[in-house]
Amino acid sequence: MIVLGCNGFTRVSEIFAEHFGAVGTERHYLLGHDAGASLLVDGELVAAVEEERLNRQKKTSDFPVNAVKWCLEHAGLQFSDIDLVAVPWDFSAEVLDGMLLDITSTSVAPTAKLGLISGIGELFTGAVSHEAILADFAERTGYTPDPDKVVFVPHHLAHAMTGYYMAGMKDAAFLVSDGRAERFSSLTGEIRDGRVRVFDESTIGAHHSIGLLFSAVTRYLGFVPNNDEYKVMGLSGYAEPPSPNPFLEHIVELHEDGRYTFCRPLETDDPRSFDPLFQQYFGPAQDSLEYKARVAAAAQEMLTVVTSHQLRALESRTDLDHVLFEGGVALNCLNNTSLFESSRFDDMYVGFGASDTGIAIGAAVHAWAGHSDSADRKKFAPSVTPYLGPEYDDATVEQTLRKFSDRVVWRRLSDDEVVAEVAELLTEKVVIGWYEGRIEHGPRALGHRSILANPRFPDIKDIINTKVKHREPFRPFAPLVLESDAPKVFEMGRKTRSPYMTFVFPVRPEFREVIPGATHVDGTSRVQTITDQDTPRLAALLRRFTALTDIPCLINTSFNVAGEPIVCTPADALNCFLGTEIDHLMLGNCLVTKVEAF
């Protein structure tokens, strides 16, 4: 069975801009962001790529025409070979009725209600209804799918199935939390033998979304909502949360069954509706690091308290020992560590596709699981890897290099020479672009499109932030470490591995002066553990670097600059290299240096 997963809409950004003000800093306030496609062949995930990597538009919500075509080409398939198309949204007529009921039952002014109803109507008919999605697919691809072979998967169930598949398809409880889906923002439940059961009493509506409230804080602090929440997470390390915490005293109220509400519903027509409350409890907005860090620390504590409340309720409802945490809120890795450590679960899985980057995968898995034999599913063990996107052979790399020959010089190395020479370079205060193999999936660099540096230099973070990434100086960087060395360097608690940078751990005191460039101001690091099996050449590089320096970690950050997608093609990598102060580029097996360096 061949299943194509597909997330993205041609007209969504246009409709949200016109009816919901999704422009400027609000440009990511829309559905279908992180558009992409995936392909399952007899249950095996053979390809997945985000549309932004191909069209070079960060967090694009456009129909993923490039991603769809690449997935099929990679597998040598035609549209006519597809058995099912899976869409990670289900805007049915019943969902529309519920959305309209949600609007009419709010306390906003009648004119505002009419405006929202008009906008929802245009959104439904022009982009997200079943009929609109089928028409969009046909127009953009030239292929008209059989409506009976298109599976519309509720958004949060797509999230849950992403985690289920990536965690090895073993029975698990789940918590999904994000900004909003069709109507809701969070739900809990179980997956047993591929079948999902939702605990309806714990479902949270969009007007009380912890994800949207955290986005409101992001906006209030001067950042871009639904994009820069990780900046708030990073800022929280610069302050202790105030006691009592205004969010927990005045804004959020916890209820039975893991539910919670706010002191008043979030107003979707006024994204700054909570700003007066923030100013009331924290004082007038200020641009100082101290003020922003205090608000960020309070918001971070609030997020932990609310999600812990949800997880405790889930623990009481399930006898399963494993839990999946999915949705955009699950990218808050600082929260994930305390959430897991305070739970009774044996393990918590947060994958590389926890945000909407993964829902095209989860939708395909849901469709496959619902149309495959139970016995076949039980025997199936997925091969899980984040390296699911395009790769480029040596001939393409060298052909691209020749196009840049007036600005770069390069030497082709053997695999052993790559490891030896790059490790030697990294003993100094240099920044290296590292490019190999298939591009990783999701928002974080996992060793195939990375920027590497030596963490022993205290100022290396400032160098990368200002001269390479072009981003705020308070932003921390993640260390990568061999999985076998991780407990020696970090206080891993009950976790034995963290391959996707989805958990944060304290740096052991004796290593804080060894890796200051990868240690956040609060003494923690967002760790990526690697193995010879997952990333053999990167593991060999780290092992060689450690032998030369006695430093068991390297800084790893995504190969891009602020506001741009992670590089995909060799040309993308060269353009980023030449537009920044990256010192060297390891492009496949070619060590590249800028002409002016000679």
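This is a predicted model: local features need pLDDT of at least 70, side-chain atom pairs count only at pLDDT 80 or more; totals for chains, interfaces and linings use all residues.

User: What makes the pair of Tyr220 and Phe278 edge-to-face?

Analyst: The angle of the planes settles it. The ring centres are 5.2 Å apart, inside the 6.5 Å limit for a pair, and the planes meet at 65°, over the 60 degrees required, so the pair is edge-to-face. Tyr220 belongs to helix H8 (residues 210-220) and Phe278 to helix H11 (residues 275-282), so this pair links distant parts of the chain, 58 residues apart. Both Tyr220 and Phe278 are buried.

User: Which residues form one aromatic cluster?

Analyst: Tyr220, Phe247, Tyr260, Phe262, Phe274, Phe278 and Phe282 form it.

User: How do you know that the charged end of Arg494 sits over the ring of Phe340?

Analyst: The distance from the ring centre is 4.1 Å, and the cut-off is 6 Å, together with a limit of 35 degrees from the ring normal. Arg317 likewise lies over the face of Phe199, at 4.1 Å from the ring centre.

User: On to helix H5: how do you know that its buried residues line one face?

Analyst: The buried residues are Ala112, Lys113, Leu116, Gly119, Ile120, Leu123, Phe124, Ala127 and Val128. Viewed down the axis of H5, they fall within an arc of 135°, so they line one face of the helix. The face turned away from the buried side carries the exposed residues Pro110, Thr111, Leu114 and Thr125. Among the elements covering the buried residues of H5 are helix H1 (12-20), helix H4 (93-104) and helix H6 (130-141).

User: What length does H5 reach, and what is expected?

Analyst: Helix H5 (residues 110-128) has 19 residues and reaches 25 Å from its first C-alpha to its last, close to the expected 27 Å.

User: What puts the buried residues of H17 on the same side?

Analyst: In helix H17 (residues 415-425) the buried residues are Val418, Val419, Val422 and Ala423. They cover an arc of only 110° around the axis, so they share one side of H17. They pack against strand S15 (431-435), helix H20 (536-549) and strand S22 (584-587).

User: Finally, how do you know that the radius of gyration agrees with a compact globule?

Analyst: For 598 residues a compact globule would have a radius near 25 Å, and the protein chain has 23 Å, so the two agree. Of the 598 residues, 60% count as buried. Among contacts between residues at least 6 apart in sequence, 73% join residues at least 24 apart. The secondary structure of the chain comes to 21 helices and 23 strands.

Definitions and conventions: Residues are numbered from 1 along each chain as its sequence is written. Side-chain values use heavy atoms; hydrogens and water are left out. Rings of Phe, Tyr and Trp (its six-membered ring) pair if their centres lie within 6.5 Å; planes under 30 degrees apart count as stacked, over 60 as edge-to-face and the rest as tilted. Helices (H or I, at least four residues) and strands (E, at least two) are DSSP runs, numbered from the N terminus. Buried means under 20% relative accessible area, exposed over 50%, partly exposed in between (1.4 Å probe, protein chains only). The expected span of a helix is 1.5 Å times one less than its number of residues. The arc is that of the directions from the helix axis to the C-beta atoms. Contact means heavy atoms within 4.5 Å. The radius of gyration is taken over C-alpha atoms; the globule rule is 2.2 Å times the number of residues to the power 0.38.
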